[in-house]
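Please take a moment with the sequence and the model below before reading on. The paragraphs that follow move from a single residue to the strands around it and then to the core.

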Amino acid sequence: MSDDGVYVGHAAKDAALDRGWLLGHFKDPHDPRHSEALEIKWDIHPQGDERAQWVRGEERTALLVLISGRFRMRFPRREVLLERQGDYVVRGRGVDHSWHADEESVVLTVRWPSVPGYRAD
C-alpha cells in the first residue's frame with residue numbers, strides 16, 4: 001500500500017490473506033480497504049464445497065454475484081441456482097442460509113453494514 005490513499009491489488013491473492021475478504025471494518029483504519037459501511041469478499045469454492053451448517057440470524061444484507069462456475073444458495077423456503085456469469089442473489093437481513101458449489105465457483109460477495117465483532121461460525 002502506498003501513502004497516497006490508493007491500494008492496487010489482485011482479488012485472488014489478497015483474498016487468500018483474510019479468508020476471502022477484501023474490504024471491511026476489519027482492515028487497518030489507515031488502509032483504503034477499511035470500511036464500516038460494507039464488506040467485499042472474493043471467494044473461490046472448489047467443487048463440492050458447502051456450508052453444511054446454516055447461518056442463522058444474520059444481521060447484514062448481502063449481494064452474491066457469480067463470476068464463474070455453478071453455485072447454489074439455500075434458504076429456508078427455496079434454493080437459488082447461480083449458473084451463468086453475472087447471475088446474482090440478494091439476501092436480506094435475518095434470512096437464514098447455506099450454500100453449495102456444484103462446480104468450482106468464484107463468487108463476489110458484498111455485505112452491509114460491516115459489523116465489528118460479528119462473525120458467522
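A residue is called buried when its relative accessible area is under 20%. In this predicted model, S105 has a relative accessibility of 0% and therefore counts as buried. S105 belongs to strand β8, which covers residues 105-112, and its side chain reaches the backbone oxygen of E103 at 2.8 Å. Leaving out residues up to four places away in sequence, S105 touches D43, I44 and H45, and also L66, S68, G69, R70 and F71.

The strand that holds S105, β8, takes part in an open sheet of 5 strands, whose order is β1-β2-β8-β3-β6 and whose pairing is antiparallel. At the edges of this sheet are β1 (21-23) and β6 (88-91), each of which pairs on one side only, and from one strand to the next the twist averages 20°. Strands of a sheet pair through backbone hydrogen bonds, in either a parallel or an antiparallel manner. Between β1 and β2 (residues 39-45), which run antiparallel, there are 2 bridges, and L23 has I40 in β2 as its bridge partner.

Is D18 buried or partly exposed? With a relative accessible area of 26%, D18 is partly exposed, because buried would require a value under 20%. Apart from residues up to four places away in sequence, D18 touches F26 and K27, while D18 and K41 are separated by 23 residues in sequence and by 9.3 Å in space, taken from C-alpha to C-alpha.

Another pairing joins β4 to β7, which run antiparallel and share 4 bridges; here R74 has S98 in β7 as its bridge partner.

In soluble globular proteins, nonpolar side chains tend to be buried together. The largest nonpolar core in this model has 12 residues in all, among them A62, L64, L66, F71, W99, A101 and V107. Two or more of the core residues come from each of β3 (61-68), β4 (71-75), β5 (78-82) and β7 (98-101). One of the core residues, A62, is in contact with V89, V90 and R91 as well as with V110, R111 and W112, once its neighbours within four places in sequence are left aside.

Definitions and conventions
Residues numbered from 1 in each chain as written. Predicted model: local features only at pLDDT ≥ 70, side-chain atom pairs only at ≥ 80, totals over all residues. Heavy atoms only, no water. Core = buried A, V, L, I, M, F, W, Y, C linked by side-chain atoms within 4.5 Å. Buried < 20%, exposed > 50% of the residue type's maximum accessible area, 1.4 Å probe, protein only. Contact = heavy atoms within 4.5 Å. Pairing = 2+ DSSP bridges. Axes fitted to C-alpha atoms, helices over the stretch in contact; angles between N-to-C directions. Polar contact = N/O pair within 3.5 Å; in protein donor to acceptor, adjacent residues only side chain to side chain.
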